[in-house]
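Here are my notes on this one, as numbered points. Have the viewer open while you go through them.

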Amino acid sequence: MSPGAPRGGRFDTRLEARRRAGVRFMWLCRLAVAFGVASLVVLLVSLAADGLPALSFEFLTSYPSRFPERAGIRSAILGSAWMLALVAVMSFPLGVGAALYLEEYAPTNRFTTLLKTNIANLASVPSIVYGILGLAVFVRFLALERSLLAGAATLSLLVLPIVNIAAREAIRAVPDSLREAAYALGATRWQAIRHHVLPAAMPGILSGTILGLSRAGGETAPLLIIGALTFIAFDPLSPMDPFTALPIQIFNWTTDPRGEFHALAAGAIVVLLGVLLMMNAAAILIRNRFER
Amino acid sequence: MRKSEPGSASRVGERLIGALLFSSGALSIVATVGIVVVLLTESLGFFAEVSPVEFLAGTRWSPDLVPRSFGILPLVNGTLLVAGGAALIALPVGLATAIYLSEFASIRTKRTVKPALEILAGIPTVVYGYFAVTLVTPVLRTLFPGVGVFNAASAAIVVGIMILPMVSSLSEDALSAVPGSLREAAYGVGATRFEVATRIVVPAGLPGIAASFILAISRAIAETIVVTLAAGATPGMTLDLLQSVQTMTAYIVQVSLGDAPSGSIEYRTLFAVGLLLFLITLALNLLSQRMTTRFRESFR
């Protein structure tokens, strides 16, 4: 490859004309940047305009209802909270465990390469395919029905590669001198990991996990596929209970053809985005605070 | 400091922990095998009743209306129409954004634009779906009378905005990875900034840019919620962006909302369509990975 090989004929000898072409091009690029930023501004402003008036104490503490003025997101908030807690419990140990194996234990062989390639590919499998897997395995085959557990297991599979990749990066960034110092004092491999590698890598692992969880908190498609679009007017009390979640409730209200529920959807979006943005901010703070 | 006894007990413990960590790693293989097995077994049941030729080459998709017909091309058409429309927006705008950020922007501009794009990338798809239904579709309907409540254009525009940050950030990574020596050499022979950007940096970063394009298109093809909410559920062979279409993903949602019993042909179509979607996105992702590797190697 020879990047930028001279192309005769297209070269203009008048410097002024070439400069003008550059300026025109730069303005086109600026326009493109403005398009992206403007999209974000329009999105946020229209959401705030539609959603903020819908927010009230009653909205947060009422169950969904056929009547827009009485409907709220209590069961959706509780369902999402349950979901995030369960996903965290499942994906954190598994994702970090696999990361420790790959970075600290795995020999350099074809199986390890296969594992790494496989995880990279899993990270780009469409979320709807995870939903299909969850429907066939968790909902039907394991007969978990449309429970919180089935939903959380599905989302955990989706989040695992994200947690794993972040954890591996954090573990890789721990200098070998730490491990060698521990070994020199007679520590076993696990002792070196437990007392030195893990604490040093923890901020990175935690921030990656939070980012993974914030992804799980906004996922809609896998939950729709496993059949979570149901009317839930009670509090979920155990992992085996049926559930709704904020993205599901938003989807449901957005499909309302007459638009009476659109303001409620916007209100729920404001709540959801608020939580997700706080999680992302927390992840960034943790990373920056401990990064040295 | 903890005490450590180098006895057999701790050695067993070490082995146990190693085995536990290995099994959590091996779970990723189980997940992959699970996806493939689930998609294949149920699809095989489907293909026992419908010939693969009819499925892949048929132009009528009517899984529940008699006479039934299982030609997937209308769904593929819907998917490509929306993904194509989205690419038309996201690829040029994303690349131009990347060029600007990498070659022209001041550090201050970068510091405001990059977080904005990151926020855009972190917004859940259902929010984009809401945006399409409540803002983009009404605007389109005022501009073009005769546009339906559901139309491909609204979905394409919003999916385009959704994948824009992916194109811009991955392309910018590719452009930033082009060695400064190439730029300096070009400046040395009298090139302007514009010429350096478009004739040196972009061609050199092309494999990386292509990788970002492919990944973004793959993401658009897999996108589910925006197309379900905005494009509707009318499978058809139209290329008209102003009409309602159904994508593969929207069909999968439709079936799973409809409570089809296990073992029925409708339940199985879900897996056959899912399998095709999985294969298409997998192929695109592998292609994108190969281009990224090639790109990295070209500057080693």
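**Notes on the model**

1. Confidence first: chain A averages a pLDDT of 90, and 95% of the residues score at least 70. (pLDDT is the predictor's confidence in each residue, from 0 to 100.) This is a predicted model, so local features need pLDDT of at least 70 and side-chain atom pairs count only at pLDDT 80 or more, while totals for chains, interfaces and linings use all residues. Residues are numbered from 1 along each chain as its sequence is written, and chains are lettered from A and ligands numbered from 1 in the order in which they are written.

2. Over residues 1–6 of chain A, pLDDT stays under 50, and the model has eleven contacts there beyond four places in sequence. Two residues are in contact if their C-beta atoms, placed from the backbone, lie within 7 Å. Where pLDDT is low, the predicted coordinates should not be read in detail.

3. Then look at the loop between helix 5 (127–141) and helix 6 (148–172) of chain A, where Ala143(A) is found. Helices here are DSSP runs (H or I, at least four residues), numbered from the N terminus. Ala143(A) has a positive phi of about 55° without being a glycine. Glu145(A), found in the loop between helix 5 and helix 6 of chain A, also has a positive phi of about 55° and is not a glycine either. Most residues other than glycine have a negative phi.

4. Are these two buried or exposed? Ala143(A) is exposed, because it has 9 other C-beta atoms within 10 Å. Glu145(A) has 15 such neighbours inside 10 Å, so it counts as partly exposed. (The cut-offs are 20 or more other C-beta atoms within 10 Å for buried, 12 or fewer for exposed, and in between for partly exposed; C-beta atoms are placed from the backbone.)

5. Helix 3 (residues 74–105) and helix 8 (residues 189–218) of chain A pack at about 135°, with their axes 9 Å apart. (Axes are lines fitted to C-alpha atoms over the stretch in contact, and angles run from 0 to 180 degrees between N-to-C directions.) That angle makes helix 3 of chain A oblique to helix 8 of chain A, because angles under 35 degrees count as roughly parallel, over 145 as roughly antiparallel, 65 to 115 as roughly perpendicular and the rest as oblique.

6. On the chain pairing, the contact takes 72 residues from chain B and 71 residues from chain A. Helix 1 (residues 8–49) of chain B gives the largest share of the chain B side, 18 residues.

Definitions and conventions. Helices (H or I, at least four residues) and strands (E, at least two) are DSSP runs, numbered from the N terminus.
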